[in-house]
Amino acid sequence: MSSPTNGSSSRQDSDLAIQVDDLHKTYRHGLIFRKKVDALRGTSFQVPRGEIFGLLGPNGAGKTTMIKVLLGVVRKTSGDAYMLGRPAGDRLARRSVGYLPENHRIPRHHTGNTALEYYGRLSGMAYGDIRNRTPELLELVGLKDWGKVSVKNYSKGMQQRLGLAQALMHDPDLLILDEPTDGVDPVGRAEMRQTLRNLKDRRRTILINSHLLQEVELVCDHVAILHKGKLQQAGSISELTQNAQAALRIGIMGEEAALANALRDFSLRRVENPAPGQAFVLIDVKDQSDVDRAVDTVRAANLSIIHLAPEKRTLEEAFVQIVHDAGPAPP
Amino acid sequence: MKAYLAIIKDSFREAIVSRVLWVLLVLSALLLLLLSPFQVTETAGSQLIATELRDPQGLFQRIYAGRTSLTKSPEKQVWESMEQRWRDQLQQTAEAGEDDFMASAARFGILVEAINSAIRNPDFYDADAFADFSLPEEANDLIAQGNDLSETQIARRNRLILQTAFSSDISGAAPWQITVSYFGKDFYGPLSGEGYEKTEFVTGWLTWFADYGVGVIGVFCAILATASIIPQTFEQGAIDLLLSKPVNRPLVFLTKYLGGCVFICLVATFCVGGIWLLSGFRWGVWHLPFLMCIPVVTFIFAIYYAVSALAGVIWRNAIVSVIVTVAFWVLCYLVWAFHFFGDSAMAPEALVTVSESEAGLIAVRENRRTVRWDDGDWHQVLSPGDVQQNPLLNLPAPLPIGPTYDAANKRLYQINSPGLFSRTGPKLAYADLAEDGQWVEREGLDAPGGAEELFIHNGELFTVSTQGVSRLDGNPTPPDEQALLWGLVNLPTPGGEKGGTFVSASEPLQISQPFSADVDLQSGKIAVANSKHVVVLALDETGKSYIVERNREMTDEKTRLAAIGGNTILTAQEDSWVRVLNVNDLAERATFKLPGKNTPRFVVASPGGRWFAVITHQKRLWMYDSEKDQPVSPGVSGQGDITAAAFSSDDEILVVDALDAVSTYALPDFSVTETRAPEIEGGRAFMWYGVNPIYTIFPKPGELGDLMRYMVYETADKGESEDLSQQRITLNVWQPVWSNLLFMAVVLGLGSFYIWRKDF
């Protein structure tokens, strides 16, 4: 795995948009008998500038806590975290960050225009810049004709789009999106993905927290998988989906039994019979030599190969396996 | 800065969109519509009001006796001008002879109504009846117009004639009286006298309305309207967005709070400003200081809103915010109530005069009871008279004159002045020290009206009153006769002693009230001071009569108190100036101003005239050294709680505090030589150690109404009487401001700290 992963450097790196080192966060609840919840247990990772980075994990993994620590919404217990070269929560850093929280709530008394004006002013923008930017942003997120409509009349998807617009309002260097496509229709999602790619082209860094792994797979350069407060794995999509447990799909003209018999020394995952006179198998292969040996074995059995292709594992499959391998969380 | 201005702007936007602002403005507009049909009409003063009667008993006796006169007289004319029904009722009360308070009150009210009916009578004026009186020019002008007068003019004419003929019994009418109408129908008035001049009346009612209407009901509505602002800002989803921006958390909280206050300030401006405009355009009263109610109402709201905001930030629930705020409101009221009623119960108990003689330590309480220190506590020796003994009544009345001790006869004297509903005039009361050491109280004879000093010199009992100096001739017991009026029957005294009488011991002086008098017991000289004169009286060769030795006209027309000792007279004025005069020529040799906002209540002189002390309404002690001719900083403890002081000699001063403790300080070094203090127990202990400390630090939003009145009227005195020695309630209008500000700072500080530390 070649991408930045479990970085343990405690120095701030100006090429990094986000740098997290051994970060811990413990929540304490209750007044007298305080209960502890360890949301982050020593997480470390880095996000280079200009990337689209996915933060994945099951429910309760600590993803939102991680984001909130970076933004200063929640205080870290220990460890280091930097955002755009400044300590997590730093107000100057927040000037260059756009955030779309999960289940965000834009006050109901706003219209689209006034909401963008409000959040723009909170980000330190001048009224003139806000006026110039608002129509462009509303068009970008597909709300061109909804600027004067009250937010309370927006659908869930429209509120999500407006939320994205307010995050983009001040042209931030770092965009943090928590479930950005929640409630958005497929067309909207596609538009959003294009928007993110355009931002990446302009050297903006984007951190996405999403459960929709298909979406992540389509847009992210690198991902990190959190589980029970710890980083399990990090890397590019291809690194996470390609590993020693790759599979090879071979199709022949002939009977299943003949094919299965020829490949009896291999670990068969699946046998398929898509059409009469054709048989397909999916076998586990470790490396290229296994692929060569499989081909030789089939040819040696006088079977005619009509299909030969490595079977790529999805991100979801990789994710599930990684989480499963991580085992139960410590008490 | 942009961010925080955006937050404030957002508060207004929210209020406008949510229609809260419109609702409050509509309610305010409705209120103005409700007030606009009121009309306040001012006409020339004519009707008699109760407080204008100086001596109701004396007036009634004269009128009642004069009804049967064969010749024309003012008394007969008044009686005959009264409506028949009032005459009948007065007749009944005169014949009733009941000895109870309610009958006295009824007689008093009937007398006022009866005289007013005479004032309204067009036939009231008779040239023969009032021939002996020099009527004012205004009255003569109205008389000259004959019958061509309106009802108002008739009443005004008759009033002027009446108060001229009965000048010692009726004070002058205020130039104006007012009537209040609603939709053209009279429902209140006519009212005249102090406080009923139109501007003052309108401003007073509007200030009351601003205090209770806007300051209570309006603030409560405002709390309901703004209760959701803070909770909604900090609820999940919204707060994440907000805190991701480059803003400071405590500042977000404080800015939201400030936005709410600004919003309510605008509504208060609309409401109070609207009332002010209504007052000006509708009633012609443009009292600009009334607009000071706006910041005060806003301040009251800000205190409660601070509590609401803190609750909103912790629980993030508008309903909980309202409940907590209401609970705080109730708590503030309870603290105030405990303090107010406790103080009211204890205040009449405060010792306000003290003296030390062969009789021991004698003092007079605010409730006019005379007490003596004995066996570690104060015990009553003289009571204030019959009516005032009703414990449910704490009616305003002058303090007893004296007491003074006759060592030869072992007798303590004082003069009890009548209260508002007293059936009798001033009486000499005395207590004899019996063989067993007990004091036996007795009621003495009638005393001259308007007495201000009572003293014994060379074995003679003298009093100084509005008629001059009088001397008791004979025994202090009442004359052996029966009085039929009012049903009062005097029984012969034990032992069959013949009663005495007060005889004049000076030329008639006609001293106008209020005045102050003091005697130098060493020289026998008397100093009398009022707003127009300072007079020195000295004994003649007989030693039983006084002559005027010196008279100085005072041009400043300030009510003043006086004390005399040695060659010095010290006067303390209502404007807090102290003037020091020489006895021998009444030349002014020094002037000083009492420090701070102190108004004098009593002045006393040491026997030899070296020291003078001024005790103020603010319970502070100021002293003057006549030898060095300069003020002295009194090294006494308890400034702010000192209720009385007296000199037992030229070397000692007795100082009394609010807990009835008397400390004796040696002069000039102010070392404490003796302290006589009763045990504080029961209710007093509870108040002193429990309620008062809590009250001091607790916020007092409800008392900002006093601040409102202070800013509107520019005075902090309540119930001001011309008589400086009468108790005045001087409000400390700024103490509630500081305690409230401190409270707000603590609450907002807590809220800011909570927000700063909270993980959202």
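1. A word on terms before the tour: a residue is called buried when its relative accessible area is under 20%, exposed when over 50%, and partly exposed in between. With that in hand, please keep in mind as you read that this is a predicted model.

2. Let's start with the overall count of charge pairs. Over all chains, the structure holds 47 salt bridges. The points below pick out a few that are worth a look on your screen.

3. Within chain B, Glu138(B) and Arg156(B) form a salt bridge, and their closest N and O atoms are 2.9 Å apart. Glu138(B) is in helix α7 (residues 137-144) and Arg156(B) in helix α8 (residues 151-165), so the contact ties together parts that are 18 residues apart in sequence. The accessibility values here are 36% for Glu138(B), which counts as partly exposed, and 8% for Arg156(B), which counts as buried.

4. Another pair in chain B is Glu349(B) with Arg365(B), where the closest N and O atoms of the salt bridge are 4.0 Å apart. I would note that distance, because the cut-off for a salt bridge is within 4 Å. Glu349(B) lies in the loop between α14 (318-346) and β4 (351-357), and Arg365(B) in strand β5 (residues 360-365), so the pair links parts 16 residues apart in sequence. Glu349(B) is partly exposed, at 31% relative accessible area; Arg365(B) is buried, at 10%.

5. Which residues come together in one network through salt bridges that share partners? They are Arg552(B), Asp556(B), Arg560(B), Arg579(B) and Glu588(B).

6. Finally, please have a look at the surface of chain B. A patch of negative charge gathers Asp375(B), Asp377(B), Glu679(B) and Glu681(B) there. One of these residues, Glu681(B), is found in the loop between β31 (671-676) and α15 (682-697). Its relative accessibility is 53%, so Glu681(B) counts as exposed.

Note on methods: Residues are numbered from 1 along each chain as its sequence is written. Chains are lettered from A and ligands numbered from 1 in the order in which they are written. This is a predicted model: local features need pLDDT of at least 70, side-chain atom pairs count only at pLDDT 80 or more; totals for chains, interfaces and linings use all residues. Side-chain values use heavy atoms; hydrogens and water are left out. A salt bridge is a side-chain nitrogen of Lys or Arg within 4 Å of a carboxyl oxygen of Asp or Glu. Helices (H or I, at least four residues) and strands (E, at least two) are DSSP runs, numbered from the N terminus. Buried means under 20% relative accessible area, exposed over 50%, partly exposed in between (1.4 Å probe, protein chains only). Patches are made of residues with over 30% relative accessible area and no salt bridge: like charges are joined within 9 Å, nonpolar side chains (Val, Leu, Ile, Met, Phe, Trp, Tyr) within 5 Å. Accessible areas come from the Shrake-Rupley method with a 1.4 Å probe; for residues, only the protein chains shown count as cover. Lys and Arg count as positive and Asp and Glu as negative; His and the chain ends are not counted. The place of a charge is taken as NZ of Lys, CZ of Arg, CG of Asp or CD of Glu.
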